[in-house]
Amino acid sequence: MSNSHIMEGRSPVPFLMLFLVTFLVSVSKGDLLAPVIGSSNPLAQGLPVFNEEPKDNYYMVKNKPVIISCKATPAILITYVCAGKKMPAKQQVNLELIDPVSGIKTLQSSLELTKEEVEEYYGSDGYWCECYAWNTVPGSSDPQSRKSNRAMVEVAYLKRRFQRVPMSQTMELQSTVELQCLPPEGKPLPEVFWLKDGEMIEVWKEINFIISSEGNLIINQARLKDTGNYTCGAQNPASRRFSESAVLTVFVNGAWSTWSQWTECSAKCGKGTQRRTRTCTDPAPLNGGASCAGEAVNRIACTSICPVDGLWSPWSSWSTCSPDCIHHRRRSCDNPAPANGGEYCIGNDLASANCTGGMCRDVSTKNIFVETSEATSRAEDGENIPMYIGLCVAVAVFITVVVVIVIVMRRRKARQQGVFNRECLSTDSTINSMTDEEKKITKNGELLSMQPDLTQTVVTVQHALPPDSPNNNHMMEKQPLYDVPDINAHHRLSGTLPKNSKMMLVEPTLNHNLTSSLEQLSVCDNKNTLLVPSDNRLSQCDNLQDSRQSMISVQLPSTIDADGVTWSTFDSCGGRLVLPESGVSLLIPEGAIKEGHVEEIYLAICRDDKDRPKLNDNQTILSPILLIGPPSVVLLKPVILSYQHCASMRQGGWILSLFHSDSPIDEPPHWKKMVTLGHETINTPVYTQLDPNQCHIMGEQLQRYAIIGESVPGARAIKILRLAAFAPASPPSMDYSIRVYVVEDTQDALEGVIQMEKKLGGRLLDKPKQIPFQDCGNNLCLTIEELSPGWRSKLAANYQEIPFRHIWSGNQNNLHCSFSVELIDRAQFSVSCKIQVYQKGVLNNRQVIRISSNLKEKLPPCVTPSSTLKGRTSTVTTNSTVSSGFSSMVALDPSAQVFRLPPHIRHQLCMLLDPPNARGNDWRMLAQALTVDRYIIFFATKPSPTEHILDLWEARHREETAVTDLMNILRVMGRMDAAAVLEKDMGSWL
């Protein structure tokens, strides 16, 4: 326990006089460097270190004084300077603590300020105070000081009038409600709370309520029990205020119950009516909700067939008299017969009477005759028993013979089928044993003529798809074939796939293609390659080995093409991943990754057919299938995934939904709908910004994403397709095959075609063209016309059709068809034609591909030499010092190219725009000016709405004038203070 004593109330005059006398003596002797105050112990000397500094802000409540305190070690004296004036020592209370072992002094001091002192200061910078700790320093005769941080002292207040009060509302059940409240002006900024029927709303317990950063109360899904009086409250150390109450009424619109059964026809005979009823009780209208529209009773006409009662016909004549002296007569109930439920005739239909008038002969003879007849009948039955047994045996033998014959015929048919299969296998083995020259001749000759011909027949495949959410459980489904060659052997350039493995270890490789562009494809020469100097290859190989070791834990599905993958490591500074050839990027904002942590994040494009969602007949895919991961990464704020879509937003008529799949990467994706744009709720975990050509997704989940759309009922939405024609780069011998691809109008879809054609040795014949495709059910037609002399279309295949649903809701990438033309004049060295593409019934949307090729020129295919690197100079951009996993293939951009706004500028803008104000030119107006206010509740629930809006702005606006445009927006908003923040520093970083 250290010794201590309190210097409270001690007059500072003796201490100051001692200090002054000692200082004058030192000056008179000329020894200014000699210590005058303090200990000679070296441990007790040196500049003080603050153990406790004044807080940033102090607020004076009513007439209560403010106590400012600080604590320093080692220190012999503490003084205060407030608003440029040294404070008198009588306002201080000091406490001195001395360590008994080292003798080091720790001095704690507090300063008391009154309200009058603060209010008498009229400086523009406000009333402030700083603490100075003094101590002796070796080599200096004067005590040296260290200054603390500056503390602002303000008078706390809270005005009475709310700047915006909540308004009464009437909302439908299950809808989202937002009660707005802007508290009164005050210092410090008041904290907003809400009351319901006089009771405090505990938002930490009731998850259905959220108080936004600006003080608005958001009710996620309105319930009947949420009806009540809501009051906004504001409080700070100065006071507590309450607004006027607003009444929230949650109403329920009525809905019809199910129809009852039809009643019986009102008329039992002839025309009548039937009726059924329903009630408006499912649910019944409540709190002013709308009543059910329509009729509660439904009537239809009915006709009941009249019943006809039966009547007897006249009696027949009496029969002859029988041996027993009885004769009979009959009648029938058919005059008329009973019909339609009529009653049957009453009485007997047979009448018997004695025909001799009572005088009948003896009946003994009759009895003898009857006995004899019965004995004869029994004898005949005994004789028929063997005949019945023989008949049963014959039937059994016949059935056995038929079964044996069927078995024999099936076995014979199976043996014939086996012989046929062996012949097929023999044929396949014969083809496999052919030499390369024979295969080439066969491919260019007879086998080429056997390609699938879409000219004569429109291939139609019936799909039995359930109307549920898309899933890709369609591996066994038959898909239409459009002359897709087998390129699996060359599809995965750098993946290592063990036997029976579903995973691929992604490793960077030096054999990557250059950045694809239309100009590079049309003109293929050595100028398009980027050669690597020989003196840099060793260092690049070293980086490659390091990056492979860093990615050894990252596993991707084997269907992922290594050309469509990029990755890097990131820390809390954030960064950006880009696939420039595909138009896809991932922005990791600053602060998304926890401070002190390093995460490896990858971005991949899924181009395999198995990764596509299974769609119903009304749905169509509008974007690439993207995969970001790994899913185990924990993010503190949303990242922004940006990519292109092909929906034509000008005509509208779309219902757009974001689908996702959180299945493990080693399993087929199971697609589920995450949100339908325009139907977001407060629980929606992502914000989707849809621009005319781009889509931006803000979310914290790393998984698969895709945009799927369908037409609004009664509308015909339009998606944009891209047409690209390719042909072999090597001159043909006789035949010339032209492949016309029909893909989505996205940069990635075209890039996938280009990569496949590079492997096939194809070259682009004409610049890719756009064509609108309407949801009208009509097929896409392609015709080849104006074929140059010396050529003819094989098999008259000058017209082809691609079925509508193969394009709209198909599950096949790189959809295309082929035109085969045959050379009939060997003197011709060029071929020219045009291919017209149009949709049936929509002739205005016609597109023409013009082809002109000189076959004598042996143009090499557009493939990348093995000695070149892929031109991804901006694939990975990062602010962090962590090396990129793509270090052997990319160059890291300067941090200025990652984020346009430095952290300190962003912080100042957030401080200015986050607090709400009465003029409304806060972050909400900024979101409106940047057209990101479609789902404003997403930003309202964040701690700093401005920060997330600026993150999205960074991803959307990569143009050079982005910062200047943002400055102009702030000026139009009337926020000259925020615009001045940008303008002040723009010379250093813009």
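Analyst: A disulfide here is a pair of cysteine sulfur atoms within 2.5 Å. In this predicted model, local features need pLDDT of at least 70 and side-chain atom pairs count only at pLDDT 80 or more, while totals for chains, interfaces and linings use all residues. Residues are numbered from 1 along each chain as its sequence is written, and side-chain values use heavy atoms, with hydrogens and water left out.

User: How many disulfides does the structure hold?

Analyst: There are eight. One of them joins Cys 333 to Cys 345, with 1.8 Å from S to S. The link of Cys 333 and Cys 345 is right-handed, with 80 degrees about the S-S bond.

User: Are Cys 333 and Cys 345 buried or exposed?

Analyst: Both Cys 333 and Cys 345 are buried. Buried means under 20% relative accessible area, exposed means over 50%, and partly exposed is in between, using a 1.4 Å probe and protein chains only.

User: Which parts does the disulfide of Cys 321 and Cys 355 link?

Analyst: The sulfur atoms of Cys 321 and Cys 355 are 1.6 Å apart. This pair links distant parts of the chain, 34 residues apart: Cys 321 is in the loop between strand 24 and strand 25 (326–330), and Cys 355 is in the loop between strand 26 (350–354) and helix 3 (364–432). Cys 321 counts as partly exposed because its relative accessibility is 39%. Cys 355, at 25%, also counts as partly exposed.

User: And what about Cys 265 and Cys 302?

Analyst: They form a disulfide with sulfur atoms 1.9 Å apart. Cys 265 lies in the loop between strand 22 (246–251) and strand 23 (270–277), and Cys 302 in strand 24 (residues 297–304), so the pair ties together parts 37 residues apart in sequence. Both cysteines of this pair are buried.

User: Changing topic. How many residues are in the largest nonpolar core?

Analyst: It has 65 residues, and those with the most contacts inside it include Leu 586, Tyr 736 and Ile 835. A nonpolar core is a set of buried Ala, Val, Leu, Ile, Met, Phe, Trp, Tyr and Cys residues joined through side-chain atoms within 4.5 Å. A second, separate core of 38 residues includes Leu 913 and Met 973.

User: What is Ile 835 in contact with?

Analyst: Leaving aside neighbours within four places in sequence, the contacts of Ile 835 include Ile 738, Phe 819 and Ile 851. Contact means heavy atoms within 4.5 Å.

User: You listed Leu 913 in the second core. Which residues of helix 10 are buried?

Analyst: In helix 10 (residues 903–913), they are Ile 905, Arg 906, Leu 909, Cys 910 and Leu 913. They cover an arc of only 135 degrees around the axis, which puts them on the same side of helix 10. The arc is that of the directions from the helix axis to the C-beta atoms.

User: Which exposed residues are on the face turned away from that side?

Analyst: That face of helix 10 carries His 907 and Met 911.

User: Last one. Where is Arg 763 found?

Analyst: Arg 763 is in strand 43 (residues 762–764). Arg 763 counts as buried because its relative accessibility is 13%.

Conventions: Helix = DSSP H or I, 4+ residues; strand = E, 2+ residues; numbered from the N terminus.
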